Amino acid sequence: MSNDRWLIWAVAAGLFAGIAYSLSPLTVWAAVAFAVMLRAAGRGLSPDERVWFVRLVVLAFVLRIVAVAVLFLVSPHDSQGSGILFGDEAYALTRSWRMRNVLLGVPQLKYDYMTAFEGYGRSNYLWVMTYIQMLVGPAPYGLRVVNTLLYIMAVVYLFHLTRAAFGPAPAFGGLVVLLFLPTLFFWSISLLKESLYFVLTVLVLAAVVGGVRSRAWAVRAALAAVVVAGLWALRDLRDGGVVLAVSGLALGFALLLITRRAWTAGVAVATVLLALLAVAARPALRQSFAERIRPAVSAHAGHVFTVGHAYKLMDEGYYVNPVASPHEFDLTPAESARFVVRAVVSYFLVPLPWKVATNGELTYLPEHLFWYALILLAPAGAIAGFRRDPLVTCLLIAYVLPTAAVVALTTGNVGTLIRHRTLIVPYLVWVSAVGFCVLMRRLLPRDGLAS
Amino acid sequence: MSRRAGFIDDQGRVFGRINLFDAAIGLLVLILIPLAYVAFLLFRTPRPRITAVTPAQLTYIEDRAAGGSDLSGKLKVFGSGLRPVLRASIGTQEALAFIFESPASADVLFGNIEPGTHDLILYDGVQEVARAPHAVTIPPKGKPATARVRVAGVLIDLDAETAKALRVGTKYPAAGEAESVLVALGDVMPDVRTLSQPGGAVEVSTSDRWQRAAAFIVDCDVSASNDCRIGSVSLTGVGALLHPPGAPGPLLLRVQEIVPATPPQPAQVRVRLMGPVTVADLVRVGDRDESAPDVDGRAAMIVALNGRQIAQGDLAIPVGRDADLQPVSGVGATDRVAIIDALMTLGADRTSTGWQYRSHPISAGRPLTFVTPRYVIRGIVQSVTVADAAPAK
C-alpha cells in the first residue's frame, strides 16, 4: 500500500477511534480487550480452525454491538427505561449511578442513599458497575458491551476446554450454539449479573481442570488461587453461588471416582438403591425426607401464586392459601415423593408445546424444542464424552446438577423456570454436542463423513 | 505519470486544483457538520423542564421510600427531560426523595416543610436545572386530632420514696392545665424487667428499685392511622416507655394497655369455659382476669360458676415456632374436657360495632380468654348484659 493510502487510512482510523471514544469510551476499551482476547484464544488452533473460530467469535461480537446500537437508537435517552431488556436492569443501573454519586461526593437525597445501600439486591456486580462508571461516566450501553465481552470470554474458555477434551467438532458445535442461541444472546448483552456469574463459574471450572491436569506445583498453586479468588467473587453474586459451584465440583469428582471401575460404579448404584429403600422402609426417615423438602415446597407454592403462567408439583388440594407459611405444607412422605418426581419431569418438559399459554412462550417454542434436543442428545454425549475425557465430562455434568435440582424443586412459574433453566445450557450444550457428533457418525454413511 | 502524481501533484494540490491542506479542512468541515448535528440530536441531554406540580395522595408504599423519616406529603411533578437521579428541594429544604417514573413525570416526597408558598427546584448534583416558582403551597398546620385515653401500665425504676408518695388523683403538672392525671394505682412491688430473647423472655429483678401498676388519663395525637402518639412515643407500640406529660423527672410508665378515658359500662357476661379437667378445677368464684394491669377499671371477675360437665374432646398443643413465631406443628390427643358456665362482671366499652372488653370485641359467640397467674382458660361468650345501656348499634 502506498504511503498516501496509509496516511488516509490512518487519518480515517484515528477519526473513527476519536469519534467512537467520544461516544462510548467503554466500548472502545472493550473492543481492544476483545481483540487481545481473540488473538490469545486463536493460539493452538489449526489454521482452518482459527479462521472459523475468528469468524464466528467476531460475528458474535459484532452482532451484539449492532444489537446494543439498535437499543441505543430506539430508546429514549436519559430515561430509566433506556434500552431496558429485562426489568431488573433499570434497578441495577440507577442503583449503580447512586452508588457512584456517593463515591464522587455528588449531593443526593435520603432516598438515593437508602437505595444505594439497601440490602435487597446487593452484590459485587453493582460495585463492578459502579467502579467502571467512576472511570468513564454513566455508561448504560458501554456496560452491555463489557458484559458481552465477559460472556464471550466464558464461552471461549469452555470452547478450549471442550476442544481439548472432545475434539474440534463438538467444540465448534457448542461454540455456535452458545454464541447465537437467542436467549443467551440477549442475556449476554443485558445489564444483569449473568455474564459476570457465567465467566466466574467457568473460570473456577477451567482452573480446577487445569489444576488437576497440571504436573507443575507452581501452576497448581496459581490455579488454586484462581479458584479461591473466583469463589470469593461469586460469594454474593447469587444466593448460594459458592455452595452451588463447590457442590457441583465435589459431585463431579465423586462421579469420576465411582465411574472409574465397574465395581465402584456397582457399589455406588447399590448404595443409592439401599439408601432409597431405607428411606422408603423407615417411617422416621420418610418423615425426615418430607420435612427437609418443605422449604422447597413452600418456595414452589409461592411461585405458583405469582402473576404469570404457573405449573403445579403438589397434589391439587395444597394450592389453597396464597400466603401460606411453610408449616401448612405438611406433605406425607408419599406426597413428597410425588412432588420430587413431578419436579424432575417438569424441569425437563415444561412448558409442554401443546400447553403454551402466552405469546412469550410461543416465541420461545423453537428454542424450547432445541432444549428437548439437547436433553435427548445428552445421554449419548455423556457416554461418548466419558470415554474421551472422563474428568471434563463428569465436571460438566455435575457442575449443573445442584443448580438444576434447586431450580426444579423451588420453581412453579414457567417464565422463571425457563430463565433459570438457561443457567445450565452453557455447560450441558457441550455434552449434547458430543452426542450429536456420535449420532451423525452413526447416521451418515462413512463416505459422507469423509467428504 | 505515477499514481501519486495523479492524485497529488508536485505543488501539493489534489487533482491539480485544490491545495491538500485546504481540501483536508474542507472535507473535515463537510463531515463534521452533519456528524456534529447527528451527535447533538442523539446525545444531547434535554434540560429538565417542569410544566406542572400537583399534590398527590400518600400511600403505604411511600412510607418505605421515606425510610423512617416524618413524611408529610407527596407531589406529582410533570414536565420533560426528567432523569432518575435528580435532586429536589422545596424552597431551601431538601425533599426526602425524587422518584423517577418517566422523563415526563416523577414523584417528590417531602417531610416537615414550613407553611407557605415555595419554589420546587430540581438539581443535577449541585447545579440547578429546573425551577417551578411558587409551585408548592404548604398550608398552616392545624392542631392535630387528639383523643383522651386511659393508659395503663407499670411505673418502673422508682425509688422507695417516690413509689410511696404517689397518690390517685394527682395532676401533672401540679400547676396550670393538667396534661395527665394519675387515676389508678397498684401496690408497690420490687421492680422487675423483662428481657426478650429469641426463645421468649425472662424476668429479672433490679436492686433497690420499685414499681407500681398505674393508669393515667392523657390526650394523644391520633392523626396518624392506627396510632396514638405522645411526642415521639407510640402508645400502641409493644412495651413503649412513656414519660407522663407534665410529670416530674423520674416517672416512667411501661405501657401495657390503652383504653378509652370514659368510664366503662358495668356488664354481666355469661361465658361457657372449656378446658382440661385439671385446669377447670382451678377456676374459683372471685378470680379476676389479669390479662392486662388491674388498673384499667375493666377487669372481668367470676361471680358465679354452675353447670359443670365433663365430655370427650380434642386437645391440641402447638409445638415449635418458625421465624414468624407461627407454630410449625402440633400434637393433639383426645382427653376429658370440662365445660363450666361462668357468670362474670366486667367493664365494657361501647364501640361503633358493639361492645368491647379491653381490646377485644365482646358479643355472643365470640371467644374470651381468662388469664390468672394460676391458669389460662378459654370460653365462648353466651350473652352480654350491659346495665342501663341502649342497645349497641
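Guide: The radius of gyration is taken over C-alpha atoms, and the globule rule is 2.2 Å times the number of residues to the power 0.38. This is a predicted model.

Visitor: What radius of gyration does chain B have, and what would a compact globule of 393 residues have?

Guide: Chain B has 36 Å. A compact globule of 393 residues would come in near 21 Å.

Visitor: What box do the C-alpha atoms of chain B fill?

Guide: Along the principal axes, that box is roughly 130 × 60 × 50 Å.

Visitor: How many helices and strands are in chain B?

Guide: Chain B holds 5 helices and 25 strands. Buried residues make up 25% of its 393 residues. Now take the contacts in chain B with a separation of 6 or more. Of these, 63% join residues 24 or more positions apart.

Visitor: On to chain A. How do I read a helix pair?

Guide: Two packed helices are described by the angle between their axes and the distance between the axes. Here, α4(A) covers residues 87–104 and α5(A) covers residues 110–117. They pack at about 110°, with axes 8 Å apart. Angles of 65 to 115 degrees count as roughly perpendicular, so α4(A) is roughly perpendicular to α5(A).

Visitor: Is the crossing of α4(A) and α5(A) left-handed or right-handed?

Guide: α4(A) passes α5(A) in a left-handed crossing.

Visitor: Which residues meet there?

Guide: From α4(A) come A:R95, A:R98, A:M99, A:N101 and A:V102. They meet A:D112, A:Y113, A:T115 and A:A116 in α5(A). The residues of this contact divide into 4 nonpolar, 2 polar and 3 charged.

Technical notes:
Residues numbered from 1 in each chain as written. Chains lettered and ligands numbered in written order. Predicted model: local features only at pLDDT ≥ 70, side-chain atom pairs only at ≥ 80, totals over all residues. Axes fitted to C-alpha atoms, helices over the stretch in contact; angles between N-to-C directions. Helix = DSSP H or I, 4+ residues; strand = E, 2+ residues; numbered from the N terminus. Parallel < 35°, antiparallel > 145°, perpendicular 65-115°, else oblique. Left-handed = near helix turned anticlockwise from the far one by under 90°. Contact = placed C-beta atoms within 7 Å. Nonpolar A, V, L, I, M, F, W, Y, C, P; charged D, E, K, R; others polar. Buried ≥ 20, exposed ≤ 12 C-beta atoms within 10 Å, placed from the backbone.
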